[in-house]
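Q: Got a model to go through. Can you take me through the sheet and then the rings?

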Amino acid sequence: MRSLPVADPGSPDARGPLRYLWWVARGQAAPMLTGAGLAVLWWLGQALVPAALGKAIDAMAARDAGTLLRWSAVVLGLGVVQAVAGVTRHRFAVFAWLSAAYRTVQVTVRQAARLGATLPKRLSTGEVVSVGNSDIAHIGNAMDILLRGTGAAVAIVAVTVILLATSVPLGLVVLVGVPLMAAAVGPLLKPLHRRQHEQRDLQGDLATRAADIVAGLRVLRGVGGEQVFAARYREESQRVRQAGVRVASVESLLEGAQILLPGVLIACVTWLGARFALDGRITPGQLVAFYGYAVFLIAPLRTLTEAADKLTKGHVAARRVCRILSLEPEITGGDGRFSAGPDALPGMLRDGESGVEVRPGRLTALAAAAPEDAIAIADRLGRFAPGDVTVGGTPLAELPLAEARRHILVADNGARLFTGRLRDELDVRGTATDEDVRQALYASCAEDIVAALPEGLDAHVAESGREFSGGQQQRLRLARALLAHAEILILVEPTSAVDAHTEARVAERLGKARAGRATLVCTTSPLVLDRADHVLYVEGGVVRAEGSHRALLETEPAYRATVTRELTRGED
């Protein structure tokens, strides 16, 4: 089963849930068709057993030993067919389930990476996480039930043909009864679909609330707000529970219909068969066969109602996936090239809106009167927001986004450490030598962090690096940024969470670590500003002054007030 070929279905179709489900099924057409064929064989093996038993009973009544042995062998053969086809069908069904589920994970993760910074602006964390928690199971179930549902439909048709050939009235009862059952179940599907959609939305919101509480638990405890947020979570969880109860109420009706409706149909078939046997219109063997069909029909008829339920849930799940796949990145790239060539240094990076220039080989510091101005400039320079930015004379918007990311790295305090081996989390490209790692840890003053770990760089990092303090996380993130060896590195407040002594050492070592390359540090720390080759002062989103840190302190009162936390005369 591991070597089964899976066709490449191309890009997923996000224009609708049905199109998406079709895309998933088309991507594994060979396993799906093979599984459906085995399901048909499995169901037919069961459907033909009552007929073979009836023939054997008639042969026994006629004392025909030869015929009895032949039909007994047929029953045995049908049992072997059921066993082989059932085992193989189940393997293909599991393959279809896993393939559909994890293909959904793949396309969702790929889309999340493509959207980048756009994703958290458009969708909540809980909504994305819920795709992996529940939606993939429903989509996988939809693929699984298609196999069994196809076989069940064929089995019902085969039984109907056999009954019509034996007794037209009995065949007509089944032929008319099955569509009536489907019509009776139909009105339950629309409210089930609606309630499942509502519950899915509430589950996504609740997952987002839980993620927020876990991420901010330390702050909540500090301000005494954990009880308030616990009450809000409890209230939202109750709404999810109530929505689940509403879904379950419809599902219970559907489950009851799976028992009641087939039971009524089977009772009618059994009653008519018994009457016909008493009237001599059918043989004793045929009567036993009818009883067998009455019992057998329960399974395929329940499978059809189960298919309606699972396909409905799969439709709801596919709609959520399509919502993610239909999003487009806010920032896209072009097809241009750096004027200096793909392997050369990009040259000067310039933001036309603010006048900020980041020159190669210099450590430039940006001190902004309003922190949000520095963040906006960093976003534009890193192509995370639209802007009039050029690099080496080429408009940044005309360059491929992957090319821009390769040359320009923006590292802010929103970045996180991921779960895994510490060395792998620092050297994300896997190309750094031991000396490179050592130098990066030295430049970021993070050697003591690694030395305190029993396993050193082989230590396992927990989720979001929660075992490290805020200052330790910041220094490790700085080491990771330095190990990327980007031609242009933009750091946003890289020392805001460390003590003054550590900050002074980082400021001294950072310039040496980035020698020969362009570096921009957005900060108002005098220790870092004093070590910069060039300082830009931004007020109102525009560069108002530039020069060395000491010169600006003497000539620019607004700059002095910003970096020394003093008040200007107009604010006294």
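This is a predicted model: local features need pLDDT of at least 70, side-chain atom pairs count only at pLDDT 80 or more; totals for chains, interfaces and linings use all residues.

A: Sheet first. It is an open sheet of 6 strands with mixed pairing, in the order S6-S9-S10-S3-S11-S12. Strands are DSSP E runs of at least two residues, helices H or I runs of at least four, all numbered from the N terminus. Two strands pair if DSSP finds at least two bridges between them.

Q: Which strands stand at the edges?

A: Strand S6 (408–411) and strand S12 (542–547). Each has a single partner strand, so one side of each is left without a neighbour in the sheet.

Q: And how are neighbouring strands turned against each other?

A: By 20° on average, direction ignored. Axes are lines fitted to C-alpha atoms, for helices over the stretch in contact, and angles run from 0 to 180 degrees between N-to-C directions.

Q: What joins S11 to S12?

A: 5 bridges, with the two strands running antiparallel. In one of the bridges, Leu536 has Glu546 in S12 as its partner.

Q: Which helix packs on the sheet?

A: Helix H16 (residues 470–483) does, touching S6 and strand S9 (488–492). Contact means heavy atoms within 4.5 Å. The direction of H16 makes about 165° with that of S9.

Q: OK, rings. How many aromatic pairs?

A: The count is 4. Rings of Phe, Tyr and Trp (its six-membered ring) pair if their centres lie within 6.5 Å; planes under 30 degrees apart are stacked, over 60 edge-to-face, the rest tilted. Among the pairs is Trp43 with Phe296, edge-to-face at 6.1 Å centre to centre and 70° between the planes.

Q: Where do Trp43 and Phe296 lie?

A: Trp43 lies in helix H2 (residues 29–61) and Phe296 in helix H9 (residues 284–296), so the pair ties together parts that are 253 residues apart in sequence.

Q: Are Trp43 and Phe296 buried or exposed?

A: Both are buried, meaning under 20% relative accessible area; exposed is over 50%, partly exposed in between (1.4 Å probe, protein chains only). Ring pairs also link Trp42, Trp43 and Phe296 into a cluster.

Q: Which charge lies over Phe276?

A: Arg281, at 4.0 Å from the ring centre. The rule wants NZ of Lys or CZ of Arg within 6 Å of the ring centre and within 35 degrees of the ring normal.

Terms used: Residues are numbered from 1 along each chain as its sequence is written. Side-chain values use heavy atoms; hydrogens and water are left out.
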